[in-house]
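Student: Let us go through this entry by question and answer.

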Amino acid sequence: MTLTPLPITSAQRPDSLGRYGRFGGKYVPETLMPALSELEAAFYQYRDDPEFQAELQSLLRDYVGRPSPLYFAERLTQHYARPDGSGAQIYLKREDLNHTGAHKINNALGQVLLAKRMGKQRIIAETGAGQHGVATATVCARFGLQCIIYMGVHDMERQSLNVFRMRLMGAEVRSVEAGTGTLKDATSEAIRDWVTNVETTHYILGSVAGPHPYPMIVRDFQAIIGQETRQQCLEKWGGLPDILLACVGGGSNAMGLFHEFVEEPSVRMIGIEAGGEGVDSEKHAATLTRGRVGVLHGAMSYLLQDGDGQVIEPYSISAGLDYPGVGPEHSFLKDSGRAEYYSVTDKQALAGFQQLSRLEGIIPALETSHAIAFLETLCPQLSGSPRIVINCSGRGDKDVQTAAKFLNLM
Amino acid sequence: MKSLRDRGQCALIPFITAGDPDLETTAKALQILDRNGADLIELGVPYSDPLADGPVIQAAATRALAKGTSLDDVLSMLQRVSPTIKAPIILFTYYNPILNRGIETFLQDIYTAGARGLVVPDLPLEEVEALLQPARSIGIEVTLLVAPTTPKERIAAIATQAEGFIYLVSVTGVTGMRTEVETRVQDLLMELRSVTDKPIGVGFGISQPSQARQVMEWGADAVIVGSAFVKRLAEGEPHQGLEAIESFCRGLKAAIAE
């Protein structure tokens, strides 16, 4: 990187207006502004409240199954070893082992505890791959709250297993037919529901996107990933990781891993976007790689848009990365040079999917497979034996039908 | 609008989506509305992700975009037709197309095309500053919105910054036709009136002459009707749509004329 990283302090992320540098903010209809203020106030009130924290920590341990292990991927490490035995030491932060099979539950649980304290009885959420929808349906079942999940028709088809799981747990899954019927459209519809029912409803947004305070709240509930990682690294080798690697759609699993280390300049942070059929084609979802600054779903951030400022429908084999925007803090980390962002194609992601399955007996989500696949590019560039922590953000059971179509294993 | 209020009259502000069914029809519709009682006209710029809009206007925007309607197309149509109509034109657009063109260029371009006002539904008070100053110097009035959920202190702050008129959103929700206007609109109007003498337009959810009259009687300076126009204009052949909005516009105007 040729950019000199700006001094980054936690006070800037975000500032009092919810901005990360020039990114973030609250670009929403007036109707929602009081609700965003109410949510922000509730978050600040309960974030440091011992009773709230005790309830959250207890559920994270006994219900979610935290802490998630930091697993040394021995055969993956051997695969990338040089003839002299040196090479990247690869560790997986096993968020796939969480209850419901992904990192999404960390945030859903935190937000449902907030909603309960704010007296909201009705919960709505958007979902792409279905993991956030499943996590939200799960916590709503656990606390007996009405749950409505907005999901694009196209995603309902490619993630039908998750649709069944949500319905089984009592959630109503509403299909969204607008646009291409994917995550962007589901998010717009969830926001319209919230505008209409804001007085009774809490919107559990699933990524570090959307208007302030969501990027901050979601990040802080996901930050446990990085906090545990720091502790586990200390236990295993008495130091910090050298490289953090995570996939980025909206960016919540990456932000959850990165946040703890943003002010540790020795830790290199790499986010991997969905390159679809290639970032030079029209079919990709690589927002930070190919987007321009714009406003979507309440935040200023990088955005895939056409020359007229219309939002472009993104594409990825992975429903969870198929989003034309990205969390504002990622845009800030990119522009400041603190984090690096690259993309891998569908084809490369499928290779990563197979590789982790065969070498480690771990079937990763297609989203996660993007991060795995980047090892192929990254490892040959590295010298010595740096320790890489990959956020293994979700399990791949939900993706086997999609993958089977491409891999011809059936 | 101020002169109408001075005469004790309530203004009618119809809304249509540019490019649905096509820009030629939009141009004719603007002229028809102008001749049939519209005091101002809101022209919606079609956008891919209209968060504040209900199904009718969303669908109209999607159709307009599918036909390839660009901002340049909308503005050149407006530039052609605006000299032929009396009613001031207010553009209704989401923020991203403004940002994409560059705030100053956007404002200059819409002014040249003949627009005199701007409503940006996803730009609340906290974010509007970047737009307000350049708009003032170019001569575009930026209308701000007040919602049923807006707290009292905030209403006063918005009223101070708003130009042209204050847009009172009459429902907690998105645009679209409702069978009744919420009675709390009356309280909101009184609350707004107590902090400002700027004109107040009420919109979102008003679709019938009787509702328009109700809102006028509660003290609104203007009534904004959107989805009910957009729906009529989109039904049948373009000439049928134009006939439908002509009689609808007259009916609304009659209902709010003293």
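Student: Which residue of β4(A) is the bridge partner of A:Leu70?
Tutor: The model is predicted: local features need pLDDT of at least 70, side-chain atom pairs count only at pLDDT 80 or more, and totals for chains, interfaces and linings use all residues. Residues are numbered from 1 along each chain as its sequence is written, chains are lettered from A and ligands numbered from 1 in the order written, and side-chain values use heavy atoms, leaving out hydrogens and water. β3(A) and β4(A) run antiparallel and are joined by three bridges (strands are DSSP runs of E, at least two residues; helices are runs of H or I, at least four; both are numbered from the N terminus). Within β4(A), A:Leu70 has as its bridge partner A:Lys93.

Student: Which strands stand at the edges of the sheet?
Tutor: The open, mixed sheet has six strands in the order β3-β4-β14-β9-β10-β13 of chain A, where pairing takes at least two DSSP bridges. An edge strand has a single partner, so one of its sides lacks a neighbour in the sheet; this holds for β3 (70–72) and β13 (339–344) of chain A.

Student: How far from A:Glu273 is the nearest side chain of opposite charge?
Tutor: A:Glu273, in strand β10(A), is buried (under 20% relative accessible area, 1.4 Å probe, protein chains only). It has no salt bridge (a side-chain nitrogen of Lys or Arg within 4 Å of a carboxyl oxygen of Asp or Glu).

Student: Which side chain has a polar contact with that of A:Glu273?
Tutor: Such a contact is a pair of N or O atoms within 3.5 Å, one able to donate a hydrogen and the other to accept it. At 2.8 Å, the partner is A:Thr289.

Terms used:
Buried < 20%, exposed > 50% of the residue type's maximum accessible area, 1.4 Å probe, protein only. Lys, Arg positive; Asp, Glu negative; His and termini not counted.
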